[in-house]
Amino acid sequence: MELDFLATVLLSSLSSASILLIATIGLAVVFGLMGVINLAHGEFLMIGAYTALTVTQAGVPYILSIPIAVAVTMVIGAIVELLIINRLYGRLFDTMLATWGLSIVFYQLAVLIFGTVTPGIGMPQFSIAVGEYSLAGYPLLMIGVAAAMLIFVYLLMTKSVYGMKARASIQVPHMAQAIGIESSRTNMLTFSVGCGLAGFAGAVLLPIVPATPSMGFAFVIKAFLTVVVAGPVTLTGSAITALGLGGGASVTASFMTSVVGDVFFFVITALLLWLYPMGISAKWRRKL
Amino acid sequence: MSISENLYKHAGLVFPAGAVVLALVFAGQIDPYLAFVATSWVIFGLLGLSLDVVWGRGGLLSLGQTAFYGLGGYFGSVVAINLAPATGNSLIWALPAGAAFGALAAAALGYVIFFARMGPLQSTILSYTFTLLLWSVTQTFKLDVGEASIGGDNGMSNIPGIVLGFGEDAEPLGPNAAFAAAIVIAALLYFFTRWLMRGTFGRIVDCIRIDAEKTELLGYDVRKYQLLNFAYSGALAGLAGALFGLWANYLNPSIFSVQEALLVPIYVLVGGLGTLSGAFLGALAIGALSFFLGGGAVGGQTTLILGGVLILLVLFLQNGILGGLGNLWRKSLSDPNEAARNAGAVKIDSTVLGEILQDAAKDAGPAKNMGTDEAFKQFGGVIPVNKVTQTFTPGKPYSLIGPNGAGKSSFLKTCVGMYKPEGGTVTLGHDDITHAPIFDRVRKGMGVKNQKPQVFGELTVADNLWTAAFARTHDTDKAEEVAAKILSMLGLEGQSGVQASALSHGQQQWLDIGMVLCLAPRVVLLDEPAAGMTNEETRELSSLVRTLAKHTTVVVVEHDMEFVRTLEGHVTVLHQGEVFAEGDIETLRADDRVLDIYLGRSEHV
């Protein structure tokens, strides 16, 4: 029985870590490929969630609402890049402040349109038995979704022409321009893809995390810490960090309270940054 | 100096003083409700000031100011609830307690940030998440301390008002008097902060913002100053929070919310980053805006408007109101950098230099040897420093030469402490400094000049030299004296009031060398000092290096062979991270192997 309990804790922690990773990947992509921290990332997640919710309520099957959410957030992301981000390249902290302002604008708009409380959609019902325990199936499914997202982003960055251009633009910007890569268009696409990934996360997590205007704030704390702890090698770094930190916090939370889990997350983050002040991947030789 | 110039110089004193007098006059006249609301603007201005200290002056964008503000508010209020009834006066309890707690919290967070030497992004994010964490923790945090009861999201009530009088029957001040009290408190703190930031402490904090590496190369423990500055800003924020508690008589976790935190950089940006007084102007502008928009359809969306305002500020108005006005005003004044154009060529008088160096030896002790033993540095598969053993002694200059990628600069950086070696030791005199931080090496007598000129561009030439001299002397007058000597040796007296950034590239190189000399170093390391210099300047530099070597140990990394020849010293050829050949330049010129590696022929490549 003890073993069963341990197995359930492990599985649910792995699924918490996967949920964190799903919420983080978009942020990591934008930071890794553009050097931009998007403080409105959580609000793009929220927009994805609300889009999926609205579309589902209008009668579209939930599974189809996910690509619609991705499309909507990608378009909004592209507009934001065009109007704000591309005027601020190379000014990391100004970008942070501007996207921070944006996050509060999106938050307030969501309050205006949807009110502060909205119904969630029912979690697709199926569960998995582990010995005497029974675990909800949908959160476990997130482990697979997180892995699929990682593989998708990896292939996008290594196999597609866009991915090559994007990586070239961030590694040696002037060389990329010299061989004719138009970095402003690549950047617009990157930002849009990052926002689309956030929208995907919001939609796919909707059965677990109900849409509320303030859901972005709750999520971003851990997502930001994950990205800065990960450091320059964003994709691999974020995956490892999310597993370690998200899993650890979840284990702590399952034995104590969720607030203790949050405190644990923060303290461990501070400790990791103490040991690796520029992120854990600062001295790695791989680049993705 | 014209009246306009004089006024410009003291603008931070004259205009705020005028504003305080004006505000105090108004405080007695205005409608009590407006006075009540305006008190909060003054408090927000103080909170903004705390951010300007750490961001505008210290260079760290802290999104944790509301955390210190809230913590100071809670702690100050708890103390006031318990102790104020005994004395009547609530300020003497709440304000010091709030300031102390804010400073303590900031110091704890700052210790982690600065002593780990975190990157700027990591620091900002950590400070932001600190605020968000407090927000979520305080929602459920319940604690009774004596009479005070912290009730999670129900908040804490029964906080005494702003009470000035003493004794049991002392009454809280009315809105107008409380407004006046807040103005006086804020004014005192502003003028103190201004004094602090214009003094030595502020000068070094400014230097760290402009170039932290150079500041450390002057021997300042950068982390200590950053921590102190952060703690001071935490104290300001905590005090503002305590005052807020007394004003509102009630606190709840929303003080830690993102909406609150967002306001602080807005205040600073509206008023003007780095101006100190701008934070108050920003708080006044934003406060008045929301006040006169009122409730209604527009006023209810204050959050939305403020979010938009922040975006527009960042995009279009970087200098804020005061910064913009200051720039306009400065254009009407005569240009203090005019003198930079009239500067002549630098001429080194070796007798004067010799005297300076002898003086330095009296203060700082005899020249020291520097040595490495099997020093080893690796980056992945590349080994730029491969078991190099060298001893450098005073008398003759040492030159390190070698083709590109030979490891010259890496070796120098290993000696300086910018690279931490994986193996071997570095010694300075009798001290093992292999693991010593950079500032410690400098204090032990190492003087470093990097390849690019590192000067504090916003500071005047004289202030640059003074800052360097003060790092060694720790005495204002003595530093003045040393700086003046070096200034006259460099022949830059006419340019002493010019901003260093206005100097030409060559002059900046000389100023940088002058700063190193201010440190009275016992070992001097120069990385490509002749780069970008004219032939004439290179000749002067050669004479300086030779004179310097008579009094101290000198190591030069150089590409310019002609320059190395004129030094008439000991030459070490590095190749692929290892010592390849040694001797004087004539011997090495005759050595076929050395020619091989430079020209890329035969098997030694």
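## Helices α19 and α21 of chain B

In this predicted model, helices α19(B) and α21(B) cross in a right-handed way (left-handed would mean the near helix is turned anticlockwise from the far one by less than a right angle, right-handed clockwise). Helix α19 spans residues 461-473 and α21 spans residues 505-518; helices here are DSSP runs of H or I with at least four residues, strands are runs of E with at least two, and both are numbered from the N terminus. Their axes are 8 Å apart and the packing angle is about 25 degrees. Axes are lines fitted to C-alpha atoms, for helices over the stretch in contact, and angles between N-to-C directions run from 0 to 180 degrees. The two helices are therefore roughly parallel to each other (under 35 degrees; over 145 is roughly antiparallel, 65 to 115 roughly perpendicular, and the rest oblique).

On the α19(B) side, the contact (heavy atoms within 4.5 Å) is made by B:V461, B:N464, B:L465, B:A468, B:A469 and B:R472, and on the α21(B) side by B:L511, B:G514, B:M515 and B:C518. By class these are 7 nonpolar, 2 polar and 1 charged residues. Ala, Val, Leu, Ile, Met, Phe, Trp, Tyr, Cys and Pro count as nonpolar, Asp, Glu, Lys and Arg as charged, and the others, Gly among them, as polar.

## The six-stranded sheet of chain B

Next comes an open sheet with mixed pairing, its 6 strands ordered β8-β9-β10-β5-β11-β12 in chain B; two strands pair if DSSP finds at least two bridges between them. The edges belong to β8 (446-449) and β12 (578-583), which have a single partner strand each, so one side of each lacks a neighbour in the sheet. From one strand to the next, the twist averages 20 degrees.

Strands β5 (398-401) and β11 (570-575) of chain B pair in the parallel sense over 4 bridges, and B:I401 has B:V573 as its bridge partner in β11(B). Helix α21(B) lies across β8 and β9 (523-527) of chain B, at about 170 degrees to β8(B). Helix α25 (592-599) of chain B also packs on the sheet, where it touches β5, β11 and β12 at about 130 degrees to the direction of β12(B).

## The four-stranded sheet of chain B

A second open sheet, with antiparallel pairing, has 4 strands in the order β4-β3-β6-β7 (chain B). Here β4 (382-392) and β7 (431-432) stand at the edges with a single partner strand each, so each has one side without a neighbour in the sheet. Strand β6 (423-428) of chain B runs antiparallel to β7(B), joined by 2 bridges; B:T427 is partnered by B:D432. Helix α17 (408-416) of chain B packs on this sheet, touching β3 (370-379), β4 and β6, and makes about 65 degrees with the direction of β4(B).

## Helix packing that involves chain A

Helix α4 (92-114) of chain A packs with α6 (120-140) of chain B at about 25 degrees, their axes 11 Å apart, which makes them roughly parallel. The crossing is right-handed. Its residues divide into 8 nonpolar, 1 polar and no charged.

Within chain A, the axes of α5 (137-159) and α6 (161-171) come within 5 Å and cross at roughly 80 degrees, which makes α5(A) roughly perpendicular to α6(A).

## How to read the numbering

Residues are numbered from 1 along each chain as its sequence is written, and chains are lettered from A and ligands numbered from 1 in the order in which they are written. Local features need pLDDT of at least 70 and side-chain atom pairs 80 or more, while totals for chains, interfaces and linings use all residues, and side-chain values use heavy atoms, leaving out hydrogens and water.
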